[in-house]
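Have the viewer open while you read.

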Amino acid sequence: MFKTPCSRLSGLIGVSVKRKLVQNVPRCNQTARSLIQLYRRDPTNWLTYQHLNFLKRQYVTKNKSELHQRAVPKQAPVLTILDEREDGVERQVQRISTIDPVVSQPEDVTSKTQAEISDSKPTAEDVAAQNASVSSAVSKRDETPYVHVESEEAKEARLDRQWKEIKVNVTDLPDIYARLAKVKLTALVVTTAAAGFAMAPVPFDPLLFFVSCLGTGLASCTANSINQYFEVPFDSNMNRTKNRPLVRGQISPLHAVSFALACGVPGVALLTLAVNPLTGFLGALNIFLYTCCYTPLKRLSISNTWVGAIVGAIPPVMGWTAATGCLEPGALLLGGILYSWQFPHFNALSWNLKEDYSRGGYRMMSVTHPGMCQRVALRHSVGLIGLSALAPVLDVTTWTFPLISLPINLYISYLAFRFYHKGDRNNARKLFFCSLWHLPMLLLLALTCKKPRRDPEDAALPSASSAS
Amino acid sequence: MLWGDVDITKRSIFRPEATSTHDWIGPPNPLSNLRPIVYHVPENETELEKRLRHLRQDTEDWNHDFWTKQNVMFTKEKDAFIFSQLNAKGLSVCDEQGRRRALNAEEMAVFYKSFLDTNRVRHADYNREWYRRNFTITLLMARVALNNMWKTVTDRHSRKKSSTPTT
């Protein structure tokens with residue numbers, strides 16, 4: 001996890017070469033300025049080996065691309081074409097540690113002068129000159145032959161290091177939009193809204209259901225896109241988010257905003273006109289809360305987590321109001337369950353990202369008030385048990401629900417307790433992954449225990465109100 | 001910005017020629033993690049386009065400066081913190097196998113919190129400025145795009161007008 005020269009590279013070559021350079025740096029200027037030149041097969045093999053080790057050891061695979069960032073492509077004209085040839089000679093600027101930029105900068109300067117002096121095409125003389133200074137490294141490499149096939153990740157990482165034209169390729173757009181709109185998160189949001197719709201004590205209207213899910217999905221896409229639009233430099237600096245479309249320059253900021261508007265306007269309009277104004281209002285409110293409150297607050301105060309929990313709680317309420325047309329205690333209960341769920345989910349996630357959050361300037365409980373982070377996660381996990389028990393009281397579900405949901409609620413509370421007690425990465429990770437399956441499971445159980453409507457009179461009234 | 005006797009804001013001057021019709025975006029800079037962009041200068045660049053390009057380039061440089069300083073400062077302070085903590089414990093920086101000693105999560109949390117607290121105002125100022133610039137750039141881009149669309153439409157219209165009398 002720590003960016004140290006000695007421990008970072010677990011590969012044999014890496015450690016030996018780096019140690020050699022570290023020892024030689026103060027003494028030999030030439031060694032300090034030498035560039036390690038790796039031929040096409042080797043950098044990806046070497047780095048692939050690193051990948052496997054890192055993925056095994058680390059939860060957040062952040063070092064993956066750090067190694068790649070070292071590579072400084074040499075010649076300009078060659079790189080205008082994205083072809084394999086340019087990877088033939090990859091120059092790696094060996095930076096010893098960021099504390100000593102004096103060491104690294106001369107290397108940059110040297111590479112610059114070399115780029116100016118030498119031809120645009122890599123010459124054999126250059127190669128030989130470089131090789132001479134790192135002959136020991138080369139021989140070491142020969143001693144340990146690795147047979148590696150370049151993995152997809154390594155290939156992607158290599159392509160990522162090249163200069164690319166900012167030109168939108170229409171075939172890539174669906175994938176770009178999916179990542180811009182955080183499709184997986186949107187799917188989860190729509191699921192919670194659908195659950196809210198299904199739990200409402202009214203006859204199920206499939207068309208209305210479909211329209212409200214679509215509207216909610218579009219609103220969620222908008223909110224996510226605007227969030228990414230606001231956070232480009234921060235996302236670039238955090239490992240979890242550095243492959244987002246705007247960070248990579250796959251589309252322009254204007255394009256992202258246009259996409260957001262193209263999703264948001266029809267989405268909210270659909271909810272307002274085809275469903276009901278209350279749902280439309282809630283959708284617009286949620287977009288506003290997420291983009292204009294939560295996103296800026298992330299960098300100003302820890303209260304962002306509570307605002308974010310409200311943002312997560314609104315979709316099931318929207319689903320319910322879409323079905324019934326009014327805010328009822330049942331809707332608020334479902335919202336309450338989602339609200340409480342957000343805390344174990346987010347607190348556990350943020351626990352293992354403390355370094356990235358701190359460096360990026362994000363004010364999260366896990367960094368500034370770790371004790372509170374753990375307490376709040378525990379408190380709300382236990383609160384889920386209470387809220388599940390409240391469901392039959394409000395006639396949302398039968399009494400079976402608190403009973404059959406007790407095992408999973410107890411399990412997440414148990415994990416939250418261990419997170420509170422131990423506060424280590426492992427427990428945080430377990431709590432986070434548990435929260436991912438706990439929520440759909442809970443909603444499913446609630447659905448199966450939904451309170452059946454008994455009177456035909458009751459059935460007639462809601463259908464009349466939904467028809468009007 | 002100088003660090004020692006070297007300008008740390010100087011990035012590698014390697015860049016592709018902006019000869020094509022599009023901008024180019026490069027790999028993330030090792031210090032700031034931001035990707036540099038080489039902007040394409042069209043032949044009949046209007047005032048608006050020029051303003052946009054300058055603003056984008058300026059914002060890119062300003063961002064790069066901030067994040068370079070941020071990342072370098074963070075790493076430096078982190079290592080200083082680790083070093084002082086290890087010293088307080090009476091441990092050396094590297095253990096028997098020569099690997100750097102690491103502090104556990106709780107100890108590091110103290111540093112992360114203090115880093116955020118000391119830089120609170122700086123971060124808030126950066127935020128405000130970044131939002132302002134982002135909005136301005138997007139608005140300008142929208143204006144440029146609309147202008148270009150309008151020009152294409154009027155060009156096509158005038159071409160049609162000038163071509164029909166001859167047929």
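At what angle do helix α18 (residues 329-351) of chain A and helix α21 (residues 370-393) of chain A pack, and how far apart are their axes? Keep in mind that this is a predicted model. In it, α18(A) and α21(A) pack at about 150°, and their axes are 8 Å apart. Angles over 145 degrees count as roughly antiparallel, so that is how α18(A) and α21(A) are described. The crossing of α18(A) past α21(A) is left-handed.

If you want to see who does the touching, start on the α18(A) side, where the contact residues include A:L333, A:G336, A:I337, A:S340, A:F343, A:P344, A:N347 and A:W351. On the α21(A) side, look for residues including A:C373, A:V376, A:A377, A:H380, A:L384, A:L387 and A:A391. Sorted by class, this contact has 15 nonpolar and six polar residues, with no charged ones.

**Another helix pair, this time in chain B**

First, the layout of chain B. It has three helices and four strands, and from the N terminus on they come in the order β-β-β-β-α-α-α. Chain B has 167 residues, and 41% of them are buried. Take the contacts within chain B between residues at least 6 apart in sequence: 54% of these join residues at least 24 apart.

Helix α1 (residues 47-89) of chain B and helix α3 (residues 120-163) of chain B pack against each other at about 155°, with axes 10 Å apart. That angle makes α1(B) and α3(B) roughly antiparallel, since the cut-off is 145 degrees. Their crossing is left-handed. By class, the α1(B) and α3(B) contact has 13 nonpolar, seven polar and nine charged residues.

Here are the two pairs side by side.

| Helix pair | Angle | Axis distance |
|---|---|---|
| α18(A) and α21(A) | about 150° | 8 Å |
| α1(B) and α3(B) | about 155° | 10 Å |

B:N63 sits in α1(B). Is B:N63 buried or exposed? B:N63 has a relative accessible area of 8%, so it counts as buried. Setting aside residues up to four places away in sequence, B:N63 touches B:L34, B:Y126 and B:W130, plus A:P233.

B:L139 belongs to α3(B). Its relative accessibility is 59%, so B:L139 counts as exposed. B:L139 and B:L52 are 87 residues apart in sequence, yet their C-alpha atoms are 9.4 Å apart in space.

**Back to chain A: helix α17**

How does the end-to-end distance of helix α17 (residues 304-324) of chain A agree with its span at 1.5 Å a residue? With 21 residues, α17(A) should span 30 Å, and its end C-alpha atoms are 31 Å apart, so the two agree. Just after α17(A) comes A:G325, with a positive phi of about 90°.

Most residues other than glycine have a negative phi.

A:D395 has a positive phi, near 65°. You'll find A:D395 in the loop between α21 and α22 (400-422) of chain A. A:D395 is partly exposed, with a relative accessible area of 48%.

In chain B, the residue to check is B:N33, where phi is positive and near 60°. B:N33 lies in the loop between β3 (24-25) and β4 (37-38) of chain B. Its relative accessible area is 14%, so B:N33 is buried.

**One last stop, in α22(A)**

A:Y420 is part of helix α22 of chain A. At 37% relative accessibility, A:Y420 counts as partly exposed. Which residues does A:Y420 contact, leaving aside neighbours within four places in sequence? They are A:Q374, A:R375 and A:L378. A:Q374 also turned up among the α21(A) residues that make the contact with α18(A). A:Y420 and A:M372 are 48 residues apart in sequence, with C-alpha atoms 9.4 Å apart in space.

Note on methods
Residues numbered from 1 in each chain as written. Chains lettered and ligands numbered in written order. Predicted model: local features only at pLDDT ≥ 70, side-chain atom pairs only at ≥ 80, totals over all residues. Heavy atoms only, no water. Axes fitted to C-alpha atoms, helices over the stretch in contact; angles between N-to-C directions. Helix = DSSP H or I, 4+ residues; strand = E, 2+ residues; numbered from the N terminus. Parallel < 35°, antiparallel > 145°, perpendicular 65-115°, else oblique. Left-handed = near helix turned anticlockwise from the far one by under 90°. Contact = heavy atoms within 4.5 Å. Nonpolar A, V, L, I, M, F, W, Y, C, P; charged D, E, K, R; others polar. Buried < 20%, exposed > 50% of the residue type's maximum accessible area, 1.4 Å probe, protein only. Expected span 1.5 Å × (residues − 1).
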